[in-house]
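I opened my notebook to look up which side chains meet in this structure.

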Amino acid sequence: MLCYEGLAMVEKLEKIWMNGTFVPWDDAKVHVLTHTLHYGLGVFEGIRCYRRADGKSAVFRLREHVDRLFESAHISDMAMKWTRDEVHQACLDTVRVNKLDECYLRPLAFVGEGAMGLYGRDNPIHLTIAAWRWGAYLGDEGLEKGIRAKVSSYTRSGINSAMTKAKVVGNYVNSILAKREVVAAGYQEAIMLDAQGYVAEASGENIFVVKHGKILTPPVGGSILGGITRDSIILLCGELGLPVQERQISRDELYVADEVFFTGTAAEVTPVREVDERQVGIGARGPITKRVQDRYFQAVRGPELLHPEWLSFI
């Protein structure tokens with residue numbers, strides 16, 4: 001049996017980690033009165049495991065992802081009963097038990113059944129970790145040729161109306177609506193503006209703009225989620241002699257950019273060839289995006305160990 005996440009099919013595997021125990025995939029169930037299901041208070045991560053050129057498999061920046069999961073839980077007033085080391089090990093074990101060499105990992109902490117109503121603070125906190133095989137989120141062709149994006153009519157949540165530095169389940173309703181809007185209009189991804197009208201991020205990715213050889217990206221102090229891939233790309237760009245400037249970016253700067261690209265765990269480094277019916281640059285992956293993309297895949301797949309501290313080997 002196959003199930004769906006967005007436009008990507010998820011192949012059923014053998015086991016899912018639930019509260020410290022591996023259970024069969026089909027037995028990973030919750031009650032219909034699970035608090036998070038009704039009210040959206042839960043936190044999660046998206047993490048990739050790559051098969052490297054030497055045949056070994058490694059999870060990319062697992063420590064940082066686990067740290068952000070715990071930070072998101074703290075921001076959301078959710079008391080985790082596991083340690084960071086335990087969750088780190090559970091992620092590696094989930095890859096091993098499912099005999100995977102490449103995969104996407106999804107840890108999810110959520111509020112269980114018990115009291116209903118908005119408070120629910122005494123309800124138990126559960127933690128699950130699932131894994132599945134997942135290729136390029138926006139398609140292999142998108143990685144090479146670029147995708148079409150549209151600025152959504154939905155505004156990214158403000159920094160004092162939603163906790164934008166936490167990867168909260170309910171925050172993604174905003175992204176889902178934006179994504180569905182632009183896909184229905186024939187585009188592949190949504191670009192979201194903040195409450196002041198500046199470029200924030202895509203529905204699930206951070207955004208970078210190239211103009212006259214300079215790379216720009218919206219500041220992490222705004223409405224964006226501080227992406228771990230974003231952080232990696234900023235460092236890798238510096239190594240390439242391409243320093244990144246964080247500043248506010250207006251919508252029309254996207255139209256006249258030489259290059260635009262998205263970054264994220266799922267999207268990796270995906271070029272944008274068109275925004276709002278306007279061709280970006282040459283209308284294909286630009287030379288700087290190609291350099292950044294190549295450097296990223298060298299870091300995650302090898303053969304050289306550019307940043308061994310980023311890799312947790314299986």
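First, a rule I need: a charge sits over a ring if NZ of Lys or CZ of Arg is within 6 Å of the ring centre and within 35 degrees of the ring normal. I also note that this is a predicted model.

**Entry 1: charges over rings**

I looked up Arg 278. Its charged end sits over the ring of Tyr 255, 4.1 Å from the ring centre. I then looked up Arg 148. Arg 148 lies over the face of Tyr 187, and here the distance to the ring centre is 4.4 Å.

**Entry 2: Arg 148 again**

Which residue does Arg 148 meet in a salt bridge? I found Glu 277, at 3.5 Å from N to O. The pair links distant parts of the chain, 129 residues apart. Arg 148 is in strand β10 (residues 147-151). Glu 277 is in the loop between β17 (268-275) and β18 (278-279).

Arg 148 has 18% relative accessibility, so it counts as buried. Glu 277 has 57%, so it counts as exposed.

**Entry 3: Asp 276**

I looked up Asp 276 next. Asp 276 forms a salt bridge with Arg 251, and their closest N and O atoms are 3.0 Å apart. Asp 276 lies in the loop between β17 and β18, and Arg 251 lies in helix α7 (residues 251-255), so the pair ties together parts that are 25 residues apart in sequence. Asp 276 counts as buried at 6% relative accessibility. Arg 251 counts as partly exposed at 34%.

I picked out Asp 101 and Arg 51, which form a salt bridge with the closest N and O atoms 3.7 Å apart. This pair, too, links distant parts of the chain, 50 residues apart. Asp 101 is in the loop between α3 (84-97) and β8 (103-111). Arg 51 is in strand β6 (residues 47-51). Asp 101 is partly exposed, with a relative accessible area of 36%. Arg 51 is partly exposed as well, with 40%.

I also found a network of salt bridges. The network links Arg 61, Glu 64 and Asp 231.

**Entry 4: aromatic pairs**

How many aromatic pairs does the structure hold? I wrote down nine. The ring centres of Trp 17 and Trp 82 are 6.3 Å apart and the planes are at 65°, so this pair is edge-to-face. Trp 17 lies in strand β3 (residues 15-18) and Trp 82 in the loop between α2 (62-75) and α3, so the pair ties together parts that are 65 residues apart in sequence. Both Trp 17 and Trp 82 are buried.

I then turned to Tyr 104 and Trp 132. Their pair is tilted, with 5.2 Å centre to centre and 40° between the planes. Tyr 104 lies in strand β8 and Trp 132 in strand β9 (residues 125-132), so parts that are 28 residues apart in sequence are tied together. Tyr 104 and Trp 132 are both buried.

Phe 60, Tyr 296, Phe 297 and Trp 310 form one aromatic cluster.

**Entry 5: helix α3**

I looked up the span of α3. This helix has 14 residues and reaches 20 Å from its first C-alpha to its last, close to the 20 Å expected at 1.5 Å a residue. Its buried residues include Val 87, His 88, Cys 91 and Leu 92. After α3 comes Lys 99, whose phi is positive, near 55°.

**Entry 6: a surface patch**

Which residues form a nonpolar patch on the surface? I listed Val 32, Leu 33, Leu 37, Tyr 39, Met 116 and Leu 118. Together they have about 620 Å² of accessible area. I looked up one of them, Leu 33. Leu 33 is in the loop between β4 (21-24) and α1 (35-39). Leu 33 is partly exposed, with a relative accessible area of 38%.

**Entry 7: Thr 217**

Thr 217 counts as buried, at 1% relative accessibility. Thr 217 and Ala 200 are 17 residues apart in sequence. In space they are 8.9 Å apart, C-alpha to C-alpha.

Methods
Residues numbered from 1 in each chain as written. Predicted model: local features only at pLDDT ≥ 70, side-chain atom pairs only at ≥ 80, totals over all residues. Heavy atoms only, no water. Salt bridge = Lys/Arg side-chain N within 4 Å of Asp/Glu carboxyl O. Helix = DSSP H or I, 4+ residues; strand = E, 2+ residues; numbered from the N terminus. Buried < 20%, exposed > 50% of the residue type's maximum accessible area, 1.4 Å probe, protein only. Phe/Tyr/Trp six-rings, centres within 6.5 Å; stacked < 30°, edge-to-face > 60°. Expected span 1.5 Å × (residues − 1). Patch = residues over 30% accessible without salt bridge, like charges linked within 9 Å, V, L, I, M, F, W, Y side chains within 5 Å. Areas by Shrake-Rupley, 256 points an atom, 1.4 Å probe, with all protein chains shown as cover.
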